[in-house]
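Dear colleague,

Please find the structure below, together with its sequence. My notes on it follow, and I would be grateful if you read them with the model open.

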Amino acid sequence: MKILVPVKRVVDYNVKVRPNTDGSDVDIANVKMSINPFCEIAVEEAIRLKEKGKADEVVVVSIGTTKAQEQLRSSMALGADRAILVECDEALEPLIVAKLLHKIVEKEAPGLVIMGKQSIDGDNNQTGQMLAALANLPQGTFASEVKIEEGTVAVTREIDGGLETLKLQLPAIVTTDLRLNEPRYAALPNIMKAKKKPLEVIPVGELGVDVSARTKILSVSAPEERKAGIKVSDVAELVEKLKNEAKVIS
Amino acid sequence: MSVLVVAEHDNQNLKPATLHTLAAAQLIDADVHVLVAGCDCKSVADSASQASGVTKVLLADNSGLEHQLAEAVAPLISELADSYSHVLACATTTGKNILPRAAALKDCQPLSDVIAIDSESTFKRPIYAGNVIATVSSSDPIKFLTIRGTAFDAVGAEGGNAAVEDIATTAEQNLSAFDSQELATSDRPELTAARIVVSGGRGVQSSDNFQLLYQLADKLDAAVGASRAAVDAGFVPNDMQVGQTGKVVAPELYIAIGISGAIQHLAGMKDSKVIVAINKDEEAPIFQVADYGLVADLFDVVPQLIEQL
């Protein structure tokens, strides 16, 4: 079985981004970029399934600028076999990303697609669900456990009240939650080997998808800053303040 | 045109998140319909019909909808969507699972975690873990939105008198099936709806020590939350996690105990009215957002706090 893993290049999770001065967009010039943490978990899970003999090929795909090749190379250094970059200069909406991924799914015919549940820049949590809809495949979102069985995959999902396990017919789309696994680090020899693995570049125009946006960011702003509070010296003072100043307890 | 709100429920009770989503819906249009999709869920439809401002309840009661699997519910929503200008769901795990699938079936780009309605086509939503608020306009004919409950005051659960209309659906699909579930049980208020939240982090050190937080919570009639560090360390189950990747809460009082205050945690609680931080590290970032900070060992001060309340 082939596993397809979509990955995204995003601002590193340690960077605190700010709106640029005219409020037109987020200032991400010269900030550190990384693979989206949820995508990294997806890559790890695909590699583990291959190591268990449940899959024979792991293909990573990214949609973005030519710089996204870095994230594809690092995914291959972790163990992915080959990579596809759908090259595009502008940031695309989840629906369009899902449509482009649908084209790749049609072409590659994977038995399973594993991807992150959300990217930490747009915080949309949509692409996997939309890809599943377009391809008419079942979805196992927010997965904390994935078990491949004969013709099906059992996915344990993190839901608001606890956990839920679903059985999905393969092929299926799975999106990863943080607790699915702990991604490995790439060893230097693997980083060197990854440079020789195949990376196919497809210009976005070749896939025949209308990439015009339905939504438009009119402005961005910083959230309201909280005022700095005070330090209290002991529990008695804390209780007194909560009762008489903040009036949140009685 | 009217607005459709997808009800959040467990086949017996309407979840409070729905009342918050209804408040957002009423800011768009006065004609608000509620879809209750489930199995043996008539009582949910009755509750929804009594919610303030609801004009009609659509009840899709079918065994194929029992677990609200996205593969069954999304086609139903997309079929109904043509009669509506907006389709809203709660930004819960259920809403996030289903709504994007329904939107894609209608070739529409949804908007997630909406925190403000500026107009019928302009909305505000947080991006980059809540560090940036984006004002976004949508040109889609049907706007699919998930609503962040804590950003809207709930409508009244009583006072409405909407008609309940049964809608026929087969809900048949063979893509997915429910297998089992494991729900955490608790007598405390629900985390996202609680007036007071007591949260513990890595500093609590063990699952046993969380008992201390439960005692404090019981004193305050509070819900108990946790940081990702506490969940990852196995102190508490993951449905207690507050943060960008967990639940978003905005209670009147949030007490962070042994939590450093990483960006991803702050994204889930920084809209709380009053924040109290108890941490022995004076430099912990949580103190930058706390209204009242107490630099002390939690094992000394939490028992004192329980005693003095």
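How close do the axes of helix 6 of chain A and helix 8 of chain B come, and at what angle do they cross? In this predicted model, the axes of helix 6 (residues 235-244) of chain A and helix 8 (residues 298-308) of chain B come within 9 Å and cross at roughly 50 degrees. Axes here are lines fitted to C-alpha atoms, for helices over the stretch in contact, with angles from 0 to 180 degrees between N-to-C directions. Helix 6 of chain A is therefore oblique to helix 8 of chain B (under 35 degrees is roughly parallel, over 145 roughly antiparallel, 65 to 115 roughly perpendicular, and the rest oblique).

As to conventions, residues are numbered from 1 along each chain as its sequence is written, and chains are lettered from A and ligands numbered from 1 in the order in which they are written. Local features need pLDDT of at least 70 and side-chain atom pairs pLDDT 80 or more, while totals for chains, interfaces and linings use all residues; side-chain values use heavy atoms, without hydrogens and water.

Chain A has six helices and 15 strands, which are DSSP runs numbered from the N terminus (helices H or I, at least four residues; strands E, at least two). The C-alpha trace of chain A spans about 65 × 45 × 40 Å along its principal axes.

Ser119(A) lies in the loop between strand 8 (112-116) and helix 4 (127-135) of chain A. Its relative accessibility is 12%, so Ser119(A) counts as buried. Beyond its neighbours within four places in sequence, Ser119(A) is in contact with Lys8(A), Val10(A), Asn36(A) and Asn124(A). The C-alpha atoms of Ser119(A) and Cys39(A) are separated by 8.0 Å, although the two residues are 80 apart along the chain.

With kind regards

Technical notes:
Buried < 20%, exposed > 50% of the residue type's maximum accessible area, 1.4 Å probe, protein only. Contact = heavy atoms within 4.5 Å.
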